[in-house]
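Keep the view open as you read.

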Amino acid sequence: MGPLFPLGVIGDELNMLIGFLIGIGFGFLLEAAGFTNTRKLAGVFYGYDFVVLKVFFSAAITAAIGLYLMNHYGLIDIDATFYPKTFWIPTLIGGGIMAFGFITGGFCPVTSICAAVTGKIDAMIFVLGAIIGIFGYAFTYESMWEELRNSGAMGRVNIAEWMGISDGLFILILTVVAAIIFFAVSIIQKKVTANSDYQL
Amino acid sequence: MKKFDVLYVSILLVGAFWAFIVNSANDEPIDRVPPCDLLDIVSQTDKFITTDELARRLMSDDPTLVLVDLRSKTEYDKYSLSGAINIPLENILNDEFADVINQDIQTVVFYGNSSDLSAKAWMLTKRLGYSHSFILLGGLNRWVETILRPRPLKETASRAEFELHSFRKAASSFFGGGSSLGESTSIKRIAAPIKRKKKSAAGGGCD
């Protein structure tokens, strides 16, 4: 049955409309949950607020379980979904840069746009910086970055396959690890907030 | 952790267990023979069935025999063994034929023009753990050579070879090989001059 658009169940227009509606819902919820507040994201690094970590971790696991079960029961064809190739070196460097951006700017790319819309000047500067970065990368790609971009190619690899275990076992391990991490960070959060007067 | 957090994490854990169980249940049907066991199976010598044995079983109307013609449809239509099912090699792993090929009691005999196609089919089915697969040794070429048009024997052949040969001639007429006539004439041709020689030799001895 799914994915709807790649299998031609829905057309271009409806695809755009659904994307638009999901985007509205996503932005609304990010703002409602307070993710446009820079202290929320920085809190992960300082140890006083782990909501962002919990939300994104549990979102990834929910998606993994949902996709796996839907694929198993024939509701979605996982092979027809977008599945990028892995280049581990640029991914590692990019991850480092993202983390640096999180801790200094207090935004992730999506929350920066939400925050900019709510009128936060620092978020607007953040978005402007991101745009400059995008264009700067695009215009210097061939001369400077192409080699780095293509280094560490692993092809279209699934982490469970790469580890030599089944998808279901990997999902189970990931979920158990996540549950332990959630429990651990709640203890850290309790200790940190007890010793200081951090305010959002 | 708040109550809601605990609830959500528990739901995720249940989902993950579900995915894991579904996954392990899913693994069973594609349970392939492990490489070590496959090596043992490949090196076994009873994977072949000879044309003589096949002929014997066909002539006795063996109900446990399943003949699978692995050649193309056109070749199959042109000539095939009686009662053979046509499953071209590229379709051998189709689910619709799994019931035919995966047998516990019946003997499945693969054949092509030589042993080439059948060896491939045998390998594929053995890997899936199908136990009763056999290769017709030499394929249809050998079938024609030995059963339909058996070659005449030399006079020095052993008794066992003569017995086999007479069986093959009988099989040839059973399967409509039609070569028994040509063969008998060839025997006469060979036999006739030898007899003459013997006669003259005997005469010389008497003189």
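## A charged pair and its helices

In this predicted model, B:D52 and B:R168 make a salt bridge, and their closest N and O atoms are 2.8 Å apart. B:D52 sits in helix α3 of chain B and B:R168 in helix α8 (residues 159-174) of chain B, so this pair links parts that lie 116 residues apart in sequence. Over all chains, the count comes to 7 salt bridges.

Helix α3 (residues 51-59) of chain B packs against helix α7 (residues 139-148) of chain B at an angle of about 75 degrees, and their axes are 9 Å apart. That angle makes α3(B) roughly perpendicular to α7(B).

## Helix pairs in chain A

Now turn to chain A, where two helix pairs are worth a look. Helix α2 (residues 38-46) of chain A and helix α3 (residues 51-72) of chain A have axes that come within 7 Å and cross at roughly 90 degrees. The two helices, α2(A) and α3(A), are therefore roughly perpendicular to each other. Here A:K40, A:L41 and A:V44 in α2(A) meet A:V51, A:V52 and A:L53 in α3(A). The class count for this contact is 5 nonpolar, no polar and 1 charged residues.

Helix α1 (residues 12-32) of chain A packs with helix α5 (residues 109-117) of chain A at an angle of about 80 degrees, their axes being 10 Å apart. Again the description is roughly perpendicular, this time for α1(A) and α5(A). A:F26, A:G27 and A:L30 in α1(A) touch A:V110, A:T111 and A:C114 in α5(A). By class, that gives 4 nonpolar, 2 polar and no charged residues.

| Helix pair | Angle | Axis separation |
|---|---|---|
| α3(B) and α7(B) | about 75 degrees | 9 Å apart |
| α2(A) and α3(A) | roughly 90 degrees | within 7 Å |
| α1(A) and α5(A) | about 80 degrees | 10 Å apart |

Leaving aside neighbours within four places in sequence, A:F102 is in contact with A:L41, A:F45, A:F107, A:C108 and A:P109. The C-alpha atoms of A:F102 and A:T38 are separated by 8.7 Å, although the two residues are 64 residues apart along the chain.

## Where the chains meet

The contact between the chains draws 16 residues from chain B and 21 residues from chain A. About 1,600 Å² of area is buried between chain B and chain A, and carbon and sulfur atoms give 75% of that.

Which residues form the salt bridge between A and B? A:K54 pairs with B:D5, with the closest N and O atoms 3.6 Å apart. The count between chain B and chain A is 1 salt bridge. There are also 4 residue pairs in polar contact across the interface of chain B and chain A. On the side of chain B that touches chain A, the residues divide into 11 nonpolar, 3 polar and 2 charged.

Key: Residues are numbered from 1 along each chain as its sequence is written. Chains are lettered from A and ligands numbered from 1 in the order in which they are written. This is a predicted model: local features need pLDDT of at least 70, side-chain atom pairs count only at pLDDT 80 or more; totals for chains, interfaces and linings use all residues. Side-chain values use heavy atoms; hydrogens and water are left out. Axes are lines fitted to C-alpha atoms, for helices over the stretch in contact, and angles run from 0 to 180 degrees between N-to-C directions. Helices (H or I, at least four residues) and strands (E, at least two) are DSSP runs, numbered from the N terminus. Angles under 35 degrees count as roughly parallel, over 145 as roughly antiparallel, 65 to 115 as roughly perpendicular and the rest as oblique. Contact means heavy atoms within 4.5 Å. Buried area is the accessible area (1.4 Å probe) that two parts lose on being put together, summed over both. A salt bridge is a side-chain nitrogen of Lys or Arg within 4 Å of a carboxyl oxygen of Asp or Glu. A polar contact is a pair of N or O atoms within 3.5 Å; within protein, one must be able to donate a hydrogen and the other to accept it, and residues adjacent in sequence count only if both atoms are side-chain atoms. Ala, Val, Leu, Ile, Met, Phe, Trp, Tyr, Cys and Pro count as nonpolar, Asp, Glu, Lys and Arg as charged, and the others, Gly among them, as polar.
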